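Colleague: I have not looked at this one before. Can you take me through a few spots?

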Amino acid sequence: MPDPNGFLRYERQLPKRRPVPVRLMDFKEVYPPAGEELIRDQATRCMDCGIPFCHEGCPLGNRIPDWNDLVRTGNWESAAESLHATNNFPEFTGRLCPAPCEAACVLGIGGDAVTIKQVEVEIANHAFDLGFVRPQPAPVASGKSVAVVGSGPAGLAAAQQLARAGHAVTVYERDDRIGGLLRYGIPDFKIEKHVIDARLAQMSAEGVVFQAGVEVGADLTADDLRDRYDAVLLAAGALAGRDVPETPGRHLNGVHLAMEHLVPANRMVAGLQDSTPIDAKGKHVIIIGGGDTGADCLGVAHRQGAASVTQLDQYPLPPEARTGLNDPWPTWPLILRNYAAHEEGGDRVFGVAVREFVGDENGNLVAIRLAEVSVQRVDGVRTVVVTPGSERELRADLVLLAIGFEGTEDQPLLAQFGLTRNRRNVLDATSDWQTGAEGVFVAGDMHKGASLIVWAIAEGRAAAAAIHTYLGAAGELPAPVRADQQPLSV
């Protein structure tokens, strides 16, 4: 039984982040390990509601009230077992997910939600530290084999589920190390890479074979995959960055997509290269985009020693708390989101759009011309309306475009399988997660478009269940979401 008075006795509290002057000197995670007493108190706030809407907020169906109460009573091993029953990688989601489960927490109706995400990551940390995370190899091989293309959360989740079911699984990754965006797209101050390596070691011991540095579609063709494997899962993500080619001056030196900045920065931190072609040191940096990727660029620019950083968002300044007008509980609230990077410095400007990138006679960026705007929707079509007379210039030596992704990249492998991207530049799937090619499945951002890590893992698990059935294997694997399922929304 939960503590019926826990939410009355304890207020929502997160562990303190490392001091800004200290953490700006390195790329280590901003949160130090949380004290056990703090986490127990926060877990005690969970009411174990009669209808736990946190389950609806999380596509994985995490048993949140169950493991909260196990933490409250100090039963960390059972809490880890309960957590891993629905989530292959809680050490990833506990660090990186924006926590739609907290948005759906019943306590959030009139107060502060349970710190579900923080409890989750501490359970995962305890599980590794205390040796609860052990390989779970299949007792009997199925004799079937599966190729997984892409080693992000969706591909890894599917690979682990299938390997534990006895199938021979090989994961292919075009980068030189496994992990997808987890490895090179997300800075270490959000997730240090030893966290990824620890999970990969478990998966290797379970029989998953990892092949990095392989460009599937070039080094290995679709025919090769069909010859070698009984099924193929495409989980290569949605890495086509959204650009602004129509904006005057886009060609100038100093205007880059966000990933062109983040990837080499991550490789430097990993010791794989000595310098980066896009360094913010001493520069006046403009980040276009107000989401996760923009905050990642902000934190990296601070650590590289930028002279100034300004983050632009074309949407107006959102409220600090849920209004309930367009975002009623338990849907995702439209509120101002402050990331750890925002307390490290920089300016945020809302309701503006860049009209022109300004260069010098040598083709180098020197400024941007922006204007105040309003975003309107007419018949479902978004229109940006410029406020007359509001244009002004800001000095800029480096501009980073962090305005999202346009879908999966158009790659040779798709044509080899006879597949085409839909109007959202991702792949369609039938109810059994198959593409238009027999025995070829899709999951994660390559199917859904750029989304949350919990959705990637959920789709990977569901696609693994479909592949398991397709291979004629005995029993069923858990499938937390349908191929046509969408996040909880108004």
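Colleague: Leaving aside neighbours within four places in sequence, which residues is Leu298 in contact with?
Modeller: This is a predicted model, to start with. Apart from neighbours within four places in sequence, Leu298 touches Ile287, Val309, Gln311, Ala341, His342 and Gly345.

Colleague: Which helix does Leu298 lie in?
Modeller: Leu298 is part of helix 15, which covers residues 292-304.

Colleague: Is Leu298 buried or exposed?
Modeller: Leu298 has 2% relative accessibility, so Leu298 counts as buried.

Colleague: And what separates the C-alpha atoms of Leu298 and Trp455?
Modeller: Those two residues are 157 apart along the chain, and 25 Å lies between the C-alpha atoms of Leu298 and Trp455.

Colleague: What does the side chain of Lys193 join up with in a polar contact?
Modeller: The side chain of Asp188, at 3.2 Å.

Colleague: Leaving aside neighbours within four places in sequence, what is Lys193 in contact with?
Modeller: Leu182, Arg183, Ile186, Pro187 and Asp188.

Colleague: On to helix packing. At what angle do helix 6 and helix 9 pack?
Modeller: About 115°, with the axes 9 Å apart; helix 6 is residues 76-84 and helix 9 is residues 116-129. That angle makes helix 6 roughly perpendicular to helix 9. The crossing of helix 6 past helix 9 is left-handed.

Colleague: Which residues of helix 6 and helix 9 meet?
Modeller: From helix 6, Trp76, Ala79, Ala80, Leu83 and His84; from helix 9, Glu120, Glu122, Ile123, Ala124, His126 and Ala127. Sorted by class, this contact of helix 6 with helix 9 has 7 nonpolar, 2 polar and 2 charged residues.

Colleague: How far apart are the axes of helix 5 and helix 9?
Modeller: Helix 5, residues 64-72, has its axis 11 Å from that of helix 9, and the two pack at an angle of about 65°. Helix 5 and helix 9 cross in a left-handed way.

Colleague: Which residues make the contact of helix 5 and helix 9?
Modeller: Helix 5 brings Ile64, Trp67, Asn68 and Val71, and helix 9 brings Ile116, Val119, Glu120 and Ile123. In that contact of helix 5 with helix 9, 6 residues are nonpolar, 1 is polar and 1 is charged.

Technical notes. Residues numbered from 1 in each chain as written. Predicted model: local features only at pLDDT ≥ 70, side-chain atom pairs only at ≥ 80, totals over all residues. Heavy atoms only, no water. Axes fitted to C-alpha atoms, helices over the stretch in contact; angles between N-to-C directions. Helix = DSSP H or I, 4+ residues; strand = E, 2+ residues; numbered from the N terminus. Parallel < 35°, antiparallel > 145°, perpendicular 65-115°, else oblique. Left-handed = near helix turned anticlockwise from the far one by under 90°. Contact = heavy atoms within 4.5 Å. Nonpolar A, V, L, I, M, F, W, Y, C, P; charged D, E, K, R; others polar. Polar contact = N/O pair within 3.5 Å; in protein donor to acceptor, adjacent residues only side chain to side chain. Buried < 20%, exposed > 50% of the residue type's maximum accessible area, 1.4 Å probe, protein only.
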